Amino acid sequence: QIQQSGTDFFSVFVRGIIEREANEKWIDRSGEHEVGTPLLTVDEHCELLAQVALAMWEARVDSLKRDNLEFVTDYFCEAGGKSVFQSRQARERIRGHALLVPSGAGSQAVEFDHDEFRLFFLGEAVAGQFGPMNDRSKAEVLGSFRRGVLPRQAQYACIRALSRGATFNLPKAVAFLQDVAAMDAQASYTQENCSDITIRLLNGLDGGGLEVRGLSFGPGALRGRKLSATSFRGCYWSPTSLEGANLSNCTFVDCTFTQLRVFGSTRFERVTFE
């Protein structure tokens with residue numbers, strides 16, 4: 001499965017672990033369903049672990065104490081319409097989940113077995129906050145982005161989760177990120193997160209004449225990027241290398257560049273600076 005999964009290999013790997021957990025270990029013993037029925041589906045396991053990772057991010061910690069972990073589990077079960085008996089089982093079993101281990105931060109605390117798991121589920125959680133991309137979604141994403149700069153692995157996990165769905169709409173996602181960025185100051189974690197995810201969403205895709213407005217891009221934003229048919233207007237660019245960059249049919253209008261470093265590997269084709 002991993003061999004055939006392409007760039008989304010880590011998601012396939014994680015789901016493989018969770019399938020065993022869901023179908024062989026987390027069996028519903030409430031008596032409300034047939035014997036051997038999984039307590040949670042694989043997707044629900046992923047959603048629950050994503051909420052655990054998000055709770056860690058919001059608290060700026062790498063582990064959760066038992067009462068906080070149980071609160072996250074209870075909230076998840078309540079939102080998912082689980083019965084009292086099912087919620088109780090989930091609360092009892094979450095501490096022994098295959099992807100969670102006891103933490104050195106305290107006798108009752110747990111953390112993810114590997115930091116890669118935490119960052120993966122954090123990215124999944126942020127992608128889940130995009131939801132219908134309405135005003136409530138913007139407020140939720142803004143709350144997460146204000147906490148700090150999302151680690152690169154979490155950003156990539158978020159992008160893969162967003163683009164995995166059949167209904168993914170690139171212009172709508174970019175417009176949503178611009179709206180979130182506009183809700184905070186230019187020199188903010190929100191701006192940096194929005195610009196980082198935007199440039200990575202656009203990388204390797206045909207922008208189709210898409211216009212990106214008013215974002216503030218961090219250092220090295222254009223290094224190695226492959227951008228096509230995209231316009232940037234009123235954006236601020238920190239110092240960036242253009243090593244390995246391949247830009248075609250792109251326009252930069254009223255943008256501020258701190259520094260551009262051009263290399264022999266830089267490729268410009270029908271690129272305009274106004």
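Start at the second largest pocket of this predicted model, which holds about 230 Å³ of space. Select Arg152, Arg200, Pro219, Gly220 and Arg225: of the 13 lining residues, these lie nearest the pocket centre. Two elements, α7 and α9, each give two or more residues to this lining. The largest share comes from α9, with 4 residues. Coloured by class, the lining of the second largest pocket shows 5 nonpolar, 3 polar and 5 charged residues.

Next, select α9 itself, residues 189-202. Its 14 residues reach 20 Å from the first C-alpha to the last, close to the 20 Å expected at 1.5 Å a residue. Is α9 mostly covered or mostly open? It is mostly covered, with 12 of its 14 residues buried. Among the buried residues are Asn193, Asp196, Ile197 and Leu201. Arg200 is also buried, and it is one of the residues nearest the centre of the second largest pocket. Step past the end of α9 to glycine 204, where phi is positive, near 80 degrees.

Now move to the largest pocket, with about 1,200 Å³ of space. It is lined by 42 residues; centre the view on Gln51, Ala125, Ala127, Gly128 and Gln129, which lie nearest its centre. Show the elements that give two or more residues to this lining: α1 (9-25), α2 (42-59), α3 (66-79), α5 (115-130), α6 (135-145) and α7 (152-164). Which element gives the most to the lining of the largest pocket? That is α2, with 9 residues. Finish by colouring the lining of the largest pocket by class: 18 residues are nonpolar, 13 polar and 11 charged.

Terms used. Residues numbered from 1 in each chain as written. Predicted model: local features only at pLDDT ≥ 70, side-chain atom pairs only at ≥ 80, totals over all residues. Heavy atoms only, no water. Expected span 1.5 Å × (residues − 1). Buried < 20%, exposed > 50% of the residue type's maximum accessible area, 1.4 Å probe, protein only. 1 Å grid on protein atoms, 1.4 Å probe; cavity = no way out; pocket = protein on both sides within 12 Å on 5 of 7 lines; lining within 4 Å. Points joined across faces, edges and corners; volume = space filled by probe spheres on them. Nonpolar A, V, L, I, M, F, W, Y, C, P; charged D, E, K, R; others polar.
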